Amino acid sequence: MLCIQNGLVHDAIHREAYTADILVSGTESELPGKILAIGMNLEFPEGTEIIDASGLEVYPGFVEAHCHTGLDGHGAGQVQMDYNEKNDIVTPQLRAIDGINPMDEGMRTAALAGVTTVCTGPGSSNVLGGTFAAVKTWGDRIDNMIVKEAIGMKCAFGENPKNCHSKFTTSRMTTAFYLRQALAQAKEYLEKKEAAGDKPERRPPLDMKMEALIPVLKKEIPLKAHAHAAQDIFTALRIAREFDVNITLEHVTEGHLVVEELAKENVPLAVGPTLTSASKFEMRSLSWQTPKVLAEAGCQVSIITDAQVIPQEFLPLCAGIAVEGGMDPFMALQAITINPARHGLIADRVGSLEAGKDADMVIADGSPLTVPTKIYYVLIDGKVIKRPEDPQLR
């Protein structure tokens with residue numbers, strides 16, 4: 001057991017920070033350590049490890065809503081790039097957990113910077129890319145790091161499918177056709193399966209692509225739609241409404257240009273990467289105003305790095321720059337904690353400091369959204385993976 005005492009707690013739920021102790025269980029167990037209680041004068045057994053956080057600030061572990069960490073190899077270029085399948089434009093059957101390398105350096109640097117959970121998965125060259133997973137960033141076996149195996153089905157609009165799979169599509173209309181076709185086929189496949197009941201001889205032949213889309217049709221996971229331009233954002237929403245499926249929007253570069261429409265839609269938005277150049281025509285309206293404008297309109301906004309586009313450890317820095325761009329600091333904190341946890345269907349476990357949740361925490365000498373704040377401690381699942389005396393302190 002561990003007790004963090006006298007820290008200034010930013011729990012990502014209450015706007016105002018408060019001084020409190022945090023009691024953590026399971027630090028010596030194989031099971032994830034949990035937050036047992038938050039308050040003053042907490043009782044705990046003899047032998048409990050104490051971290052004196054007096055003069056320090058305590059935050060939830062940061063959460064990335066959209067990246068390719070562990071699939072886009074750190075420093076590997078084209079050598080270790082497992083986040084796009086180039087042989088087929090429609091690959092819903094792919095699963096992130098089969099490609100993530102937990103020993104990739106990008107995972108370690110993320111964890112030491114306080115990014116304790118990432119929603120990572122296949123990239124955006126395919127119309128349907130596969131299933132994203134939510135994983136912790138510390139460990140050597142992905143099976144032991146999974147928060148949730150399936151959190152969304154990646155799909156993509158705009159320039160990427162056209163440029164990466166020009167053999168199959170050279171227009172936005174064809175990209176939309178491929179997605180509609182896959183969803184229509186999956187709907188028919190599911191109807192035949194359900195009609196067969198307990199008579200296996202009447203079931204359609206097993207099709208792993210169709211099987212992978214059933215959780216989308218049943219609204220167990222959303223479509224996770226790569227869309228920078230406003231026209232692509234609305235095509236994604238149009239198709240989701242046609243098939244009555246849930247959807248999240250990823251990147252949303254032109255979101256500030258259509259904020260009134262997005263506020264009506266009430267879908268989760270992952271904004272970014274913004275700490276980069278406008279490398280494509282559809283990113284020409286790149287702006288640090290986007291997360292501010294969308295959040296102020298009442299949208300659920302997550303700030304993302306799209307790592308390795310931006311190094312994963314710069315997630316809190318991106319939130320800090322958004323604050324410099326006028327975003328409310330509390331909204332910016334929520335944009336890298338509880339909002340991405342909600343975006344990734346994992347808010348029951350991570351994203352805020354509350355009793356019962358995983359003990360993922362960042363303890364720093366100020367706000368990690370500012371430079372040069374130092375991170376003194378990082379906890380993942382209640383285990384301290386970074387201490388002030390460690391040589392990797394940055």
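Q: In this predicted model, which side chain does a polar contact of 3.2 Å join to that of Asp-306?
A: Two histidine side chains make polar contacts with the side chain of Asp-306, and the one at 3.1 Å belongs to His-68. The contact of 3.2 Å joins the side chain of Asp-306 to that of His-66.

Q: Where is the place of Asp-306?
A: Strand S13 covers 301-303 and helix H8 covers 315-324, and Asp-306 falls in the segment that runs between these two elements. Its place is therefore, with strands and helices taken as DSSP runs, the loop between S13 and H8.

Q: How far from Asp-306 is the nearest side chain of opposite charge, and which residue carries it?
A: Asp-306 is buried and yet has no salt bridge. A salt bridge would require a side-chain nitrogen of Lys or Arg within 4 Å of a carboxyl oxygen. The nearest side chain of opposite charge lies 6.1 Å away and is that of Lys-154.

Q: In what sense do strand S8 and strand S9 pair, and over how many bridges?
A: Strand S8 spans residues 128-136 and strand S9 spans residues 146-156. One of the bridges links Ala-134 to its partner Lys-148 in S9. The pairing of S8 with S9 is antiparallel, over six bridges.

Terms used
Residues are numbered from 1 along each chain as its sequence is written. This is a predicted model: local features need pLDDT of at least 70, side-chain atom pairs count only at pLDDT 80 or more; totals for chains, interfaces and linings use all residues. Side-chain values use heavy atoms; hydrogens and water are left out. Helices (H or I, at least four residues) and strands (E, at least two) are DSSP runs, numbered from the N terminus. Buried means under 20% relative accessible area, exposed over 50%, partly exposed in between (1.4 Å probe, protein chains only). Lys and Arg count as positive and Asp and Glu as negative; His and the chain ends are not counted. A polar contact is a pair of N or O atoms within 3.5 Å; within protein, one must be able to donate a hydrogen and the other to accept it, and residues adjacent in sequence count only if both atoms are side-chain atoms. Two strands pair if DSSP finds at least two bridges between them.
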